[in-house]
Amino acid sequence: MELSPKELEIPTCKYEYLDHTADVQIHTWGDDLKEAFEQVAIAMYGYMTEIDKVEILGKEEIEANGDDMESLLFHFLDECLFIFSAEPFFIARKVVITEFDKESFSIKATLYGEEFDLGKHPQGTEVKAITYASMQIYDKENQHELFVIIDI
C-alpha cells in the first residue's frame, strides 16, 4: 500500500503528560476539538512506546460513537487501544479524524503507523484501559482541550 506525501506528514505535538496517582493524565489541545481528539490518541500511543520510532508504513480505519461527548471520547480512545491490542498490534504515529459529528457524537478516523515490533519500538507503559475519571472536555472559542486519565 502506497501512502501519499500528505499522509506521511507528522503533526505538531500538542500534548503533555500530567502526574496522577497510579495512572497517567493526558492533556491535549488543538486549533479545534477535532485536533485535540487526534492529539489524545497520539499521546496515548506515545505513552506505550517512543513515538518517534514509529514509521508511517500503513493505516487502519476506525469508527466510534457515543451518547455524549465524554462517551464519544472514551469509545474513540478505546477503539485506538483495541487496534493496538488486536493482532497485528498496530501502533499509530498520526491520527486523522475524517468525520467528526458533534451532533450525533460519531467519529471516523484513519490511524497511520505500523505493526508494533519490540525489536524496533521500546516498550513503554502498558495501557490497560481508558477511564471516565476526571475526564474534561473544553470546546470554547480559543480553548479546545481534553483531559483524560488512562489506566496503566
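User: Is phenylalanine 74 buried or exposed?

Analyst: Phenylalanine 74 is buried, at 17% relative accessible area; buried means under 20%, exposed over 50%, partly exposed in between, with a 1.4 Å probe and protein chains only. Bear in mind this is a predicted model, where local features need pLDDT of at least 70, side-chain atom pairs count only at pLDDT 80 or more, and totals for chains, interfaces and linings use all residues. Residues are numbered from 1 along each chain as its sequence is written, and side-chain values use heavy atoms, leaving out hydrogens and water.

User: Which ring is stacked with phenylalanine 74?

Analyst: That's tyrosine 132: the ring centres are 4.6 Å apart and the planes at 10°. Rings of Phe, Tyr and Trp (its six-membered ring) pair with centres within 6.5 Å; planes under 30 degrees apart are stacked, over 60 edge-to-face, the rest tilted. Tyrosine 132 itself is partly exposed, at 44% relative accessibility.

User: What about tyrosine 15 and tyrosine 17?

Analyst: Their planes are at 65° with centres 5.7 Å apart, so that pair is edge-to-face. Ring pairs link Tyr15 and Tyr17 with Tyr47 into a cluster.
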